[in-house]
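Subject: Structure for your review

Dear colleague,

Please find below the structure I promised to hand over.

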Amino acid sequence: MKKISLLLLFLILVNCKEDKGLPVKHQASNKENPSLSYAEGFSVENYQDFKVLEIKNPWPKSDKTYRYALVNKEVAPKITLNKDEFDAILITPIEKIVVTSTTHIPALELLNVENTLIGFPDTNYVSSEKTRALIDEGLVRELGKNESINTEVLLELRPELVIGFGIDGNNKAFDNIQKAGIPVIFNGDWVETSPLAKAEWIKFFGVLYDKEKEADSIFKNIEADYLEAKKIAQNVTQSPTVLSGAMYKDIWYLPSGTSSEAILLKDANANYLWSDTTDKGSLSLNFEVVFDKAKEAEIWISPSYYSSLEAIEKASPHYTKFKAFQNKAVYSFVNTTGKTGGVTYFEMGMARPDLVLKDLIKITHPELLNDYEPHFFERLK
Amino acid sequence: MEKKYTYPFLILIALLIICFFVNISLGSVSITTKEIFNSLIGKADNYIIQNYRLPKAFTAILVGSGLGISGLLMQTLFRNPLAGPFVLGISSGASLGVALVILGSGFFGGIFTTLLISKWSVVIAASLGSFLVLLAVMIVSSRVRDTMAILIIGLMFGSITAAVVSVLSYFSSAEQLQQYIFWGFGSLGNLSWNELLIFFLIYLTGVLMTIVSIKGLNTLLLGENYAKSMGLNLKQSRLIIIIATSLLAGTITAFAGPIAFIGLAIPHMTRQIFHTSNHKILLPAVFLFGAIVMLICDSIAQLPTSDYTLPINAITSLVGAPVVIWLLVRKRKMLF
């Protein structure tokens, strides 16, 4: 069995551009096809003996589509698949995985498969408690600092699968890992714009672990929670004006109206002053414009990495002229960190948009959620 | 001052004043001329004019003229048209200091992280960096007589800096790298009045030292042997010129980031237009030219009426380099 799976794992191919279709004997059965309501970056097709996972948009403006065949380990010895049709063939459920972003950790924990994690780059960033415990026990191997993975250690670990993420598809470390026969799947959750679409990527992990049903119900709960919070927020007629981001030198960097930050603020019924911008990525605006538009803004959310009002004031006297600063209505998530210093918002925020939304409602309409304790955001002192 | 230069200087001064007012009136937010005038004379309070555009315009003048002057000093001292503040390794030293502060936390951890917040730490690091490189260059230059050798040593310091920066970048987080890259874009609109005052005092010291060495500079142009035969204390003159350059280039890099092109190109533009190598003429002309070009570049970088600003560093090269090429091609011959 092990030999077969290793053999199958070895069959990695670079990008099959032509759509060769599937052999006739593998008719799509389409039952239990996990319906995706928000996510656009991946899809799953069910066939009789296997599933096909397609990753469509692993990084912005990517024109590549990756196809992976997922075969349950019980069925694997019995079927043959044409390796040319897929970028990789994987045996499910995955037993040894390496993920490369802290945003992948909550999904593993929610599905109760965090014990399959055998390596992670810069483990100090991980804050989620269950995984943190595994790391402290030495069960998760350190794979080097930041985005540059120590390829040698990774090859020695021999995971069945590496979940990577790419800014533009040029990552030499991932290329080397693939050449060595370890499949790398690019996770594109961060490319999605809607917060619920990002969260729906838990279904991507669900299918890798043959846990589609669990993933579905976890997501349904998050979705219901989110939509309910959104509904509560719509009950008030007055929405406070919101400023976001901060300057570096005299350029103010802030999320555009299409970003998930802006969508969350809109769903929290706050009036984000740049909600009508349509730029991709973040806005970089001149100080003058931001000052002119937002000096009277009531609330200032996420002032870059600043962790106190004092630090903000030190960085530039301009900041003190904003009403939100004068009223100490500045909120940030940077002070909420895990045991080893990782910012929990960066890790959990994508997987739990319901909590982020509630945090924002608590900030913008505190009267709506009286008993709620924010998970990420804190008023800066 | 010779009479034939009176008109060109009057024109340049007029241009500087015009550019200064154009620079202040243009920006992303449109402000009426009346309001601008009123806030300039203190009749009205406009935060954007008084605390953003005015300090920015003054910074542009200091940066442009200071870089131009330090470029002129380097070109004369090394008798090399390619010389500029970057060549002595002064700017590289400043970059290294900034890299250590911004990127160093990934490498050293601990106290560096807390320093990150303060803008002054960047300024101090940059000044310290350029000063240390300068010190090293001076020690070497006291052993090596040849100015060419000093030039090459300066370039070597530049390479060492680049290498250290790339090692530091490797160990840095994305946010730190982003900060360092943003610093590299250069910025004029980042100084408060207090910071501007300190900037100005150091700048003034550098300029005064330059004025003192005008005679030495003119003599140096004729060759070091000639300068010696004229009874010029070569060692002392060289020392003063190097310190002046490092003060100017070091503080400018510290406060405004590494600004490309100006230091190299302004002296050439000035020589082409004024047809002289006399530093009594060149020095004020370079001052005016540098300030004017920087004000124009900044006005363009602000992309008036749009909400965006381009990195000043890109504009100085994009706007300035073709001008120098055009001047050189037109004259077919380089004045030096």
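This is a predicted model: local features need pLDDT of at least 70, side-chain atom pairs count only at pLDDT 80 or more; totals for chains, interfaces and linings use all residues.

Chain A contributes 21 residues to the contact between the two chains, and chain B contributes 23. On the side of chain B that touches chain A, helix H3 (47-77) and helix H9 (174-185) of chain B each provide at least two residues. That side of chain B consists of eleven polar, nine nonpolar and three charged residues.

Within chain B, helix H10 (residues 193-212) packs against helix H13 (residues 234-256), with the axes 8 Å apart and at an angle of about 160°. Because angles over 145 degrees count as roughly antiparallel, H10(B) is described as roughly antiparallel to H13(B). Their crossing is left-handed. Among the residues that make this contact are Phe199(B), Ile202(B) and Met209(B) of H10(B), together with Ile243(B), Leu247(B) and Phe255(B) of H13(B). The residues of the contact comprise eleven nonpolar, four polar and one charged.

In chain A, three strands form an open antiparallel sheet in the order E11-E12-E14. Strand E11 (246-248) and strand E14 (282-286) of chain A are the edges, each pairing on one side only. Neighbouring strands are turned by 35° against each other on average, direction ignored. Five bridges join strand E12 (residues 251-255) of chain A to E14(A), and Trp252(A) has Leu285(A) in E14(A) as its bridge partner. Helix H10 (residues 287-294) of chain A lies across E11, E12 and E14 of chain A, at about 95° to E14(A).

With kind regards

Technical notes: Residues are numbered from 1 along each chain as its sequence is written. Chains are lettered from A and ligands numbered from 1 in the order in which they are written. Two residues are in contact if their C-beta atoms, placed from the backbone, lie within 7 Å. Helices (H or I, at least four residues) and strands (E, at least two) are DSSP runs, numbered from the N terminus. Ala, Val, Leu, Ile, Met, Phe, Trp, Tyr, Cys and Pro count as nonpolar, Asp, Glu, Lys and Arg as charged, and the others, Gly among them, as polar. Axes are lines fitted to C-alpha atoms, for helices over the stretch in contact, and angles run from 0 to 180 degrees between N-to-C directions. Angles under 35 degrees count as roughly parallel, over 145 as roughly antiparallel, 65 to 115 as roughly perpendicular and the rest as oblique. A crossing is left-handed if the near helix is turned anticlockwise from the far one by less than a right angle, and right-handed if clockwise. Two strands pair if DSSP finds at least two bridges between them.
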